[in-house]
Structure formats: structure tokens, C-alpha cells
Amino acid sequence: GSIFDAKTDVETASHEFHLRSDFPEEVLKAAEALGTEVSEKAMQGRLDYRDKVTLTIDPETAKDFDDALSIFQDAKGHFHLGVHIADVAHYIPAGSPLDREAKRRCNSTYFPGVCVPMIPYALSNELCSLKPFVPRLTMSIFMEFDTEGMLVKHEVKRAVIQSKQRFTYEEAKEILDGKKEHEFSPDLKTMHNLARLLKKDRRRRGSVEFSTEELELIIDENGEPTGTQVVEHDIAHQLVEEFMIKANSVVAMHLTKKQKGMIYRIHAPPGEDDLGEFIRLATLLGHKLPKAPKPPEIQAVLEKEKGTPQGQQLAIHYIRSMKLAIYTPDNIGHFGLSLEHYGHFTSPIRRYPDLIVQRLLFDEHDKSISLIEVSEDCSRQERISAKAENSVIYLKKLRYLERLSEKDKGRTYKAIIKDVKTNGIVFEVEEIAMEGYIPIGDLCNEYLTFEAKTSSLKSRSHTFALFAPIEVMIEDLDLIYMKCRWRLAGERAEKKRHSPGRTKTKPSSEKPQASSVKLPFKPPSKLISKSSNKSDKKPSSKFKKKKKF
């Protein structure tokens with residue numbers, strides 16, 4: 001298709017990254033044969049939880065509801081939390097056509113406005129999705145917590161539920177903020193009370209919390225970006241995340257104790273060298289950190305800078321310093337969450353490891369399927385899907401910038417300098433959450449000196465310092481090559497521009513970049529994430545993440 005037809009973006013990316021976008025005929029027929037309603041026979045032998053209050057809390061645009069929640073407090077003040085997960089294993093037995101296709105895909109891939117699913121829509125958006133007011137089959141984990149939020153006991157059961165309400169994050173937050181009353185306000189407030197205790201325990205363990213914002217693109221029916229919206233990781237998001245983390249952790253511990261096998265989600269700790277850039281930036285902001293800071297020390301820095309542009313960048317640099325999380329049957333723990341046992345269980349509609357864990361729980365796993373092979377395949381495909389998603393996100397952002405430029409060719413954008421190099425500056429355009437670069441020769445007509453100690457470029461009358469605000473303009477935008485060339489706005493931009501400037505600095509091993517044409521940065525890598533908690537990923541900025549943890 002034409003580069004000027006936004007409707008082809010997802011299909012093009014699917015071809016480029018070898019994603020399986022179309023389902024084979026036998027797989028579609030197998031999904032259709034399961035029908036559209038839960039049969040009475042399928043509900044037999046299960047815990048009937050249909051008369052209890054269960055709720056879902058998801059993004060407004062979500063169509064595949066993996067999880068529902070229920071809660072009550074007993075006379076002792078103990079919390080009884082139910083995390084109800086779609087029983088995908090019931091519909092997709094090991095070795096079936098549906099299973100073989102899901103195993104090839106490994107996960108769903110979420111593009112702006114479009115999902116390439118792991119299983120057909122007849123299951124992901126309908127029969128398996130925990131839609132309100134209709135019976136749905138679940139694997140439910142029931143957990144009892146004491147008044148301090150410590151786990152007392154748990155059990156895993158196959159159940160049938162009937163969700164009483166579908167909340168969006170925005171609706172749930174309004175209720176929790178006291179701006180709106182609802183029939184199920186008491187349930188949400190009880191959930192919030194337990195979530196606060198779980199957050200407190202997570203911090204006590206040494207898990208570092210992030211409160212970065214996420215920027216979402218608004219896409220119309222033609223694939224064109226029409227706007228953006230900033231999503232805050234607010235109280236409603238945190239509530240759901242805490243419960244999903246706890247459910248994942250308890251299931252991993254449960255299977256480990258029973259020695260049934262497990263696909264763990266592991267996350268190795270960063271080395272001293274990995275934290276170097278974060279420590280350098282924190283030091284420039286006046287914080288004192290040792291060479292090997294402990295999580296509480298890192299948390300203290302992030303708390304002090306919370307809500308500031310530099311705080312956002314510090315959080316991103318810390319996430320980038322961490323190792324990639326992967327799947328494996330060999331457990332070494334999860335550094336980011338400070339957990340000894342952790343795995344993925346709560347999203348079987350969109351992640352194949354979660355489906356395997358469901359089978360392991362009830363001894364339905366086909367032992368001929370190697371857990372090592374599944375772990376390696378799913379870890380690899382997760383990275384491929386992330387690259388595909390970010391490629392489309394980057395292209396959509398370029399389309400949006402082009403749209404804005406057509407309306408106002410002299411439009412300026414506010415940005416913050418996020419890195420200063422000997423050969424130029426790297427910045428982030430706040431409105432679109434996109435990295436940009438301006439080479440040193442295009443910054444000003446004066447002799448610039450690079451000061452490593454302060455990470456700044458200085459001339460007689462200009463200073464380009466880390467975290468300083470600037471205004472930029474688009475000089476050239478190319479959709480085919482996915483490039484955007486920027487220049488400074490205002491007085492500096494009007495000065496006569498010349499060939500690459502010079503810096504007075506100590507000898508460096510860093511190779512100078514060209515002053516134009518090819519940018520010295522790549523399109524953004526993995527965004528902070530649906531599917532996963534924030535420590536699981538290595539985002540480059542405030543990009544749209546998957547549904548939730």
C-alpha cells in the first residue's frame with residue numbers, strides 16, 4: 001500500500017516483523033464450533049460464584065477482559081480477595097488446532113487502535129472475555145489477608161462467575177476520589193484499602209515504584225492519528241496492578257511448592273555499570289548516591305523528583321538500566337518486584353505462558369511440550385512484538401506531527417533536553433513524547449564548549465544543559481524513511497545556520513555524528529507497559545503500554 005494510506009500501517013508492520021495476522025481456516029472453525037454462550041454442561045463441577053459481586057476494571061477501549069475481582073471483609077477485619085481469570089485452558093486443550101496456533105503466536109500484539117490477537121476474536125473478545133451480566137468460566141484464586149495485608153491462606157478453584165459491573169479506570173477513580181457514588185462503591189473502597197497495604201508491603205520488600213505518565217494516540221477508523229491523551233498511573237491502575245502482581249506471585253509459589261513445573265517470569269538485578277547513567281543524572285540534580293545504591297535510596301530520589309520533567313526522565317533512565325525480564329522454567333526471582341517466586345498467570349487471553357500455567361495448575365499440561373522451548377519462544381516473540389508495536393507508534397506519531405504541521409507550518413513544540421553530547425543535544429518533545437536530536441552545528445553560530453561535569457554545551461551567550469526546557473520546530477519530515485529533523489525555534493533559529501560547529505573538549509572516544517540527513521538515534525524501543533508491570537520493560541519514554549500488568 002501507499003505510505004500515505006494510514007490504514008496499511010499495521011498490515012505493513014505485520015509483514016515486516018513476520019507476525020501471524022490471519023488465522024488458518026481450521027482455527028477459525030474450531031473457535032466458531034465452541035459457540036457464543038457458556039453451556040450448562042461446562043459449568044458442572046465448578047464453584048458457582050455467579051451470585052457474588054465480581055467487577056472488572058479496564059481501559060475504556062478494552063475488549064478482551066482477562067480478569068475480574070471480588071472482595072469482602074470478615075468480622076476479624078481480614079480481607080478475602082478473589083482474582084478471577086478467564087479459563088482459556090478449558091476451551092483450548094493442548095495439541096488442538098487452537099493451541100498450535102496460539103503457541104506459534106506466543107502473544108497478542110497491540111498496535112494503536114488495532115490488536116493482532118493470540119487467539120481468534122470469537123474467543124478473545126467474546127466467549128473467554130469476562131463481559132458483564134453473562135456467565136463466564138474462570139480459574140479463580142481466593143486469597144485471605146490479615147489486617148496488615150499479609151497473606152494468610154489461598155486456594156485455586158475452577159469457577160463460573162457473572163460480572164456485575166464493567167468499570168473503566170476513569171469511572172473507578174471518580175468513585176475512589178469521592179466524586180461519584182455507585183452501588184459498588186463499598187467494594188471498590190475495600191479493594192483500595194487492601195491495595196494500599198499491598199503497596200506498603202511491596203515497598204518494604206525493596207520494590208521500586210514508578211509513577212510515569214503514558215501518552216496514548218487517538219486513532220480514527222482510517223488509521224489516522226487525530227490526537228493524544230495522557231494517562232496517569234493513578235489509584236485505579238495501581239489497585240488492579242497490585243492484585244495482579246499478588247495473584248501471579250501466589251500462583252508461582254503454589255506451583256513451586258507442589259513441584260508441578262512452572263514458567264517463571266525472572267528479572268535479574270542490574271550491575272553497578274548498568275546504573276551508571278542513572279547515578280550520573282541524579283548527581284547532576286544534587287542527589288548523593290553510592291556506586292551501588294539500594295532500592296530505598298533509589299526510591300527516595302524518585303520521590304523527591306516526582307511530578308517534575310526531570311523526575312520522569314530519571315524514572316525512564318532507571319528502567320533502562322535494568323535487565324530484560326524473560327520467561328524460563330528455572331527460577332532466580334524477580335528483582336524489579338523483589339519477589340522470590342513470580343510468573344504470569346493473569347492474562348491467558350493474550351499470553352501463551354499464562355495458558356501453560358493454567359494447564360499446570362490442574363495437571364492438563366502436555367509433557368511433550370518443553371517448558372524450556374516455550375519460554376525461549378515466548379521471550380523472543382515478546383521482543384519482536386514490542387519492536388513491531390513501537391515501529392507503528394513511531395510512524396503514527398510522525399503522521400500526527402505532519403498533520404499538525406499542515407495546519408500550522410510555523411508551529412513550535414515545547415521540549416526538555418534529556419541528554420547532552422559533544423556533538424549535539426537529545427531532547428523529548430513533551431506534546432508527542434518523541435525523542436529528537438539537533439547536531440551541534442545547528443544550535444548556534446557561536447563556539448560551543450562541552451562541559452562533562454555539568455553535562456552541558458556552553459558558548460558566550462548560550463547554554464544547553466541537561467533537563468533545560470527548549471522550543472523546537474520541524475525542519476523536515478519523511479514518512480518513508482521514518483525521520484524527523486528538528487531545529488531550535490525563536491531567535492536562535494533565525495540566525496544564519498552553518499556547517500557542523502566545533503566543540504572545545506577533552507579527547508573523547510565518541511564518534512561525532514553527521515549534522516543532517518541521518519539521525520543518531522533509533523525509533524523508540526519498548527514502551528512502559530499493558531501487559532506487564534513497569535519494571536518488566538525497558539521503555540524509552542511515555543508510550544502507550546499494554547492493557548495492564
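Helices (H or I, at least four residues) and strands (E, at least two) are DSSP runs, numbered from the N terminus. By that rule, the protein has 15 helices and 22 strands. The model is predicted, so local features need pLDDT of at least 70 and side-chain atom pairs count only at pLDDT 80 or more, whereas totals for chains, interfaces and linings use all residues. Residues are numbered from 1 along each chain as its sequence is written, and side-chain values use heavy atoms, with hydrogens and water left out.

**The whole protein**

Display the surface. Its accessible area is about 24,300 Å², with 50% belonging to carbon and sulfur atoms; such areas come from the Shrake-Rupley method with a 1.4 Å probe, and for residues only the protein chains shown count as cover. A residue is called buried under 20% relative accessible area, exposed over 50%, and partly exposed in between (1.4 Å probe, protein chains only). Of the 549 residues in the protein, 56% are buried.

**The nonpolar cores**

A nonpolar core is a set of buried Ala, Val, Leu, Ile, Met, Phe, Trp, Tyr and Cys residues joined through side-chain atoms within 4.5 Å. Select V83, L123, I141, L239, F243 and Y352: within the largest core, which holds 81 residues, these touch the most other members. Helix 9 (residues 235-258) supplies the largest share of this core, 11 residues.

Contact here means heavy atoms within 4.5 Å. Not counting residues up to four places away in sequence, F243 touches L69, L81, V83, M191, L194, A195 and L198. For comparison, select L398, L404, V420 and M434, which are included in a second, separate core of 32 residues.

Return to helix 9 and pick S249, which is placed there. S249 counts as buried because its relative accessibility is 11%. Leaving aside neighbours within four places in sequence, S249 is in contact with L339, H341 and Y342.

**Strand 7 and its partners**

Select strand 7 (residues 135-145), where 10 of the 11 residues are buried. Two strands pair if DSSP finds at least two bridges between them. To one partner, strand 4 (residues 79-86), strand 7 is joined by 8 bridges in an antiparallel arrangement; F79 stands opposite F145 there. To another, strand 8 (residues 151-162), strand 7 is joined by 11 bridges, again antiparallel. In strand 8, F145 has L151 as its bridge partner. Strands 7 and 8 form a hairpin with 5 residues between them, and G149 in the turn has a positive phi of about 85°.

**Strand 14 and its partners**

Move to strand 14 (residues 413-421). Because 7 of its 9 residues are buried, strand 14 is largely enclosed by the rest of the structure. Strand 14 runs antiparallel to strand 20 (residues 469-478), with 4 bridges between them; the bridge partner of I416 in strand 20 is P469. Strand 14 also pairs with strand 15 in the antiparallel sense, over 6 bridges. A hairpin of 2 residues joins strand 14 to strand 15, and K421 stands opposite G424.

**Aromatic rings**

Rings of Phe, Tyr and Trp (its six-membered ring) pair if their centres lie within 6.5 Å; planes under 30 degrees apart count as stacked, over 60 as edge-to-face and the rest as tilted. The structure holds 4 such aromatic pairs. How are the rings of F427 and W486 arranged? Their centres are 6.0 Å apart and their planes are at 85°, so the pair is edge-to-face. Since F427 lies in strand 15 (residues 424-429) and W486 in strand 21 (residues 483-488), the pair ties together parts that are 59 residues apart in sequence. Both F427 and W486 are buried.

A charge sits over a ring if NZ of Lys or CZ of Arg is within 6 Å of the ring centre and within 35 degrees of the ring normal. Select R105, which lies over the face of F23 at 3.6 Å from the ring centre. Then select R265, whose charged end sits over the ring of Y327, 4.5 Å from its centre.

**A last stop in a loop**

Finish at D363, in the loop between helix 13 (352-361) and helix 14 (371-407). Is D363 buried or exposed? D363 counts as exposed, because its relative accessibility is 59%. Select K260 as well: D363 and K260 are 103 residues apart in sequence and 7.9 Å apart in space, C-alpha to C-alpha.
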